[in-house]
Amino acid sequence: MPHLVIEKLSADYGATPVLIDVDLAVERGEIVAIIGPSGSGKSTLLRVLTGLLKPRAGHVHVAGTEVNYASAEALRKVRDRFAIVFQQFNLFQNMTALRNVTIAPTIVKKRNAAEVEREARELLTKVGLAHRIDAYPDEMSGGQQQRVAIARALALKPDILLLDEVTSALDPELVAEVLDTIRLLAQDGMTMLIVSHEMAFVREVASKVVFMADGRVVEVGPPAQIFDAPETTRCADFVRRILRH
């Protein structure tokens with residue numbers, strides 16, 4: 001059974017439909033990139049999966065268990081399965097990189113502080129920030145702050161990592177260091193859903209690409225299909241425009 005199964009998932013912002021009958025299956029260790037024009041529902045899908053926006057209809061199964069988005073207790077459990085990293089870093093400005101990574105596992109999860117700190121140091125080293133463990137956010141570059149945000153998400157030990165345009169707020173010269181971090185996670189077999197406009201990176205790292213438009217999944221396939229031989233006119237038009245720039 002796939003690690004994540006999404007069936008006929010629909011959601012609205014007020015009276016406006018933003019997801020319409022989304023179907024998607026994600027295998028354990030798979031890296032799924034979600035692409036499409038602005039307003040297509042890419043980021044909304046990630047928000048619905050984590051319960052930040054309640055679905056109107058449909059089903060989500062994680063490791064064979066259906067998520068009940070109407071239950072606060074079920075939502076707490078699903079948020080143990082997912083961790084999401086947003087475009088903005090959302091770090092605590094009055095805390096060091098180390099404290100930003102350790103606060104949720106120790107305060108929310110009530111885990112042993114010494115064990116959490118050891119793991120946090122390992123995670124910050126993994127994302128290339130061993131030398132910035134005691135730095136505060138305003139002492140770090142945007143790329144460094146985003147890598148702290150990724151380490152913070154990993155500290156929660158999620159089954160699935162959701163990355164929402166994590167390079168879009170960065171200066172171009174800082175994008176590469178964040179993408180390098182994601183490549184490392186891919187090598188480790190982390191299941192990831194990545195919303196990204198970095199098409200060269202998507203082509204390189206994704207095992208599957210999902211093209212969305214107007215709140216719907218239009219086409220799903222390996223990168224070679226989506227970028228070189230798309231099967232739908234809508235996907236072909238998007239790829240032609242995006243790759244021309």
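Helix H1 (42–49) and strand E6 (82–85) are among the elements that cover the buried residues of helix H2; helices here are DSSP runs (H or I, at least four residues), strands are E runs of at least two, and both are numbered from the N terminus. Before we go on, this is a predicted model, where local features need pLDDT of at least 70, side-chain atom pairs count only at pLDDT 80 or more, and totals for chains, interfaces and linings use all residues. Residues are numbered from 1 along each chain as its sequence is written, and side-chain values use heavy atoms, with hydrogens and water left out.

So who is hiding in H2? In H2 (residues 72–81), Ala 74, Leu 75 and Val 78 are buried, meaning under 20% relative accessible area, while exposed is over 50% and partly exposed lies in between (1.4 Å probe, protein chains only). These three sit on the same side of H2, because they cover an arc of only 100° around the axis, an arc taken from the directions from the helix axis to the C-beta atoms. Turn to the face away from that buried side and you'll find the exposed residues Ala 72, Arg 76 and Lys 77.

Now for some helix pairs. Two packed helices are described by the angle between their axes and the distance between the axes. Axes are lines fitted to C-alpha atoms, for helices over the stretch in contact, and angles run from 0 to 180 degrees between N-to-C directions.

Take H5 (residues 142–154) and H6 (residues 172–187): their axes come within 8 Å and cross at roughly 20°. That makes H5 roughly parallel to H6, since angles under 35 degrees count as roughly parallel, over 145 as roughly antiparallel, 65 to 115 as roughly perpendicular and the rest as oblique. Where they meet, H5 brings Gly 142, Gly 143, Gln 144, Gln 146, Arg 147, Ile 150 and Leu 154, and H6 brings Leu 174, Glu 177, Val 178, Thr 181 and Leu 185.

Let's zoom in on Glu 177, which is found in H6. With 23% relative accessibility, Glu 177 counts as partly exposed. Leaving out residues up to four places away in sequence, Glu 177 touches Ser 141, Gly 143, Gln 144 and Arg 147, where contact means heavy atoms within 4.5 Å. Glu 177 and Gln 146 are 31 residues apart in sequence, with 9.6 Å from C-alpha to C-alpha.

Finally, the axes of H3 (residues 97–108) and H4 (residues 113–126) come within 9 Å and cross at roughly 135°. That makes H3 oblique to H4.
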